[in-house]
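Good morning, colleagues. Please look at the sequence and the structure as I bring them up.

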Amino acid sequence: MKEILNGCDQRVMYYTAVYLSTLMTCDILSMLPIEISKRIIGLLPAVDIKAACSVSRYWHQLCNSDDVWRMKCQQTNIRLAGAPGEQNPGFNWRRRFEQNEAANENWSCENYSVGDVRIHEGKVLCVALHGNYLGTGASDRLISIYNMTAHKKTATLSGHAVSGFEYFIK
């Protein structure tokens, strides 16, 4: 083969290289069942999954799949206050994973401040953070919204079950 190629002119060599390169490239993930492709993508680090979104439309669809981000949440033991699913159809696993990553980064870099917030008489059962607002649900069946910039309680919602609280703060 080497002798044949050495005897060819530059145009034939170029054509052969282009032809062979198209034969040698294939998207293995598109050839596999979608469940297996999602599982493979889910084994990548999050930064690689985000980069893989730009490979193709199919990879973009795979990388943004709820199944992939649910797997990432399970791999990192992200705890959820409620069971997302039928009662929370808009639940976003990628958003939950990214929020957890940001919180871990802030915690490890000591990028936080400590304050004393007493807004419940009962035991606090869950906490949700959205921008500058902190929402807390307690055993007193109250949900309190606290503005962390102004350092004051802005709202209290009464008569709520606390189990699905973190999904209603949007």
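How many salt bridges does a search of the whole structure find? The search finds 5, where a salt bridge is a side-chain nitrogen of Lys or Arg within 4 Å of a carboxyl oxygen of Asp or Glu.

Before I go on, a word on the source. This is a predicted model, in which local features need pLDDT of at least 70 and side-chain atom pairs count only at pLDDT 80 or more, while totals for chains, interfaces and linings use all residues. Residues are numbered from 1 along each chain as its sequence is written, and side-chain values use heavy atoms, with hydrogens and water left out.

Let me begin with Lys 50. Lys 50 forms a salt bridge with Glu 98, with 3.6 Å between the closest N and O atoms. This pair links distant parts of the chain, since Lys 50 belongs to helix H5 (residues 46–52) and Glu 98 to helix H8 (residues 93–108), 48 residues apart. Helices here are DSSP runs of H or I with at least four residues, numbered from the N terminus.

Lys 50 also meets Glu 101 in a salt bridge, at 3.6 Å from N to O. Lys 50 lies in helix H5 and Glu 101 in helix H8, so this pair ties together parts that are 51 residues apart in sequence.

Glu 98, in turn, has a salt bridge with Arg 94, at 2.9 Å from N to O. Both of these residues lie in helix H8, 4 residues apart, or about one turn of the helix.

What of accessibility? Lys 50 is partly exposed, at a relative accessible area of 32%, and Glu 98 is partly exposed at 29%. Glu 101 is partly exposed at 32%, and Arg 94 at 21%. The cut-offs, with a 1.4 Å probe and protein chains only, are under 20% for buried and over 50% for exposed, with partly exposed in between.

Finally, I turn to Lys 72, in helix H7 (residues 66–75). Is Lys 72 buried or exposed? Lys 72 is buried yet has no salt bridge. The nearest side chain of opposite charge, Glu 101, is 7.8 Å away, with Lys and Arg counted as positive, Asp and Glu as negative, and His and the chain ends not counted. Leaving aside residues up to four places away in sequence, Lys 72 touches Gly 42, Leu 44, Pro 45, Ala 46, Ile 49 and Phe 97, contact meaning heavy atoms within 4.5 Å.

Note on methods. Helix = DSSP H or I, 4+ residues; strand = E, 2+ residues; numbered from the N terminus.
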